[in-house]
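Reader: Please take a close look at one part of this model, the disulfide, and then describe the helix and the backbone features that can be set beside it.

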Amino acid sequence: YAVDNNSAIKVASNGGKNVCPTSWHIPSSAEWTTFTDYLINDGYGYGGSGNSIAKSMANTSGWTTFATAGYVGNDQASNNSSGFTALPSGYRSNYGIFSDIGYYGSWWSSTEGSATFANNRIIWFNLPVVNSTVYKQQFGFSVRCIKD
């Protein structure tokens, strides 16, 4: 797996490699929550308040268009006020199939839900919020490294 904190299988799943450079790491689920809470509390929600922060994190192009104001796919030129620059990279399934490019972006956390599942964050073109979900670690999602 690209992100693997399970010491029992780390070498087998990713050769013991860290996907981040020295002095950087994949954020835990708690660190992701700290970041999204900051955006919510600092007025990055659509219209300056609330938890509709996906638009403030999304890149200014590349998303599937969507007609509803405040959603990532609407008026994409106004996206990314936070500077996060989330790209709609889609995913690679556990079967090796690439899907949904342009529809959503998903980023792993380093927090495992079990030996085979881990937590991630997802931004969809047709939603205003950032979702927290759990997927099989065999899926290919994006990663974001943060400074230690």
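**The disulfide and its surroundings**

Author: The structure holds 1 disulfide (a pair of cysteine sulfur atoms within 2.5 Å). This is a predicted model, in which local features need pLDDT of at least 70 and side-chain atom pairs count only at pLDDT 80 or more, while totals for chains, interfaces and linings use all residues. Residues are numbered from 1 along each chain as its sequence is written, and side-chain values use heavy atoms, with hydrogens and water left out.

The disulfide is formed by C20 and C145, with their sulfur atoms 2.2 Å apart. The pair links distant parts of the chain, 125 residues apart. C20 is in the loop between α1 (10-14) and β1 (24-25), and C145 in the loop between β6 (130-136) and β7 (146-147). Helices (H or I, at least four residues) and strands (E, at least two) are DSSP runs, numbered from the N terminus. The torsion about the S-S bond of C20 and C145 is about -90°, so the disulfide is left-handed.

C20 is buried, at 7%, whereas C145 is partly exposed, at 22%.

Next, the helix α2. Helix α2 (residues 29-41) has 13 residues, which at 1.5 Å a residue should span 18 Å, and its end C-alpha atoms are 18 Å apart, in agreement. The expected span is 1.5 Å times one less than the number of residues. The buried residues of α2 are S29, W32, T36 and L39. Seen down the axis of α2, these buried residues fall within an arc of 85°, so they line one face of the helix; the arc is that of the directions from the helix axis to the C-beta atoms. On the other side of α2, A30, T34 and N41 are exposed. The cover over the buried residues of α2 includes α3, β4, β5 (117-124) and β6, where contact means heavy atoms within 4.5 Å. G43, which follows α2, has a positive phi near 85°.

Two residues other than glycine also call for a note on phi. Most residues other than glycine have a negative phi. T85 has a positive phi of about 60° although it is not a glycine; T85 lies in the loop between α3 (54-57) and β2 (91-92) and is partly exposed, at 32% relative accessibility. D100 has a positive phi near 60°, is found in the loop between β3 (98-99) and β4 (104-112), and is partly exposed at 31%.

Note on methods:
Buried means under 20% relative accessible area, exposed over 50%, partly exposed in between (1.4 Å probe, protein chains only).
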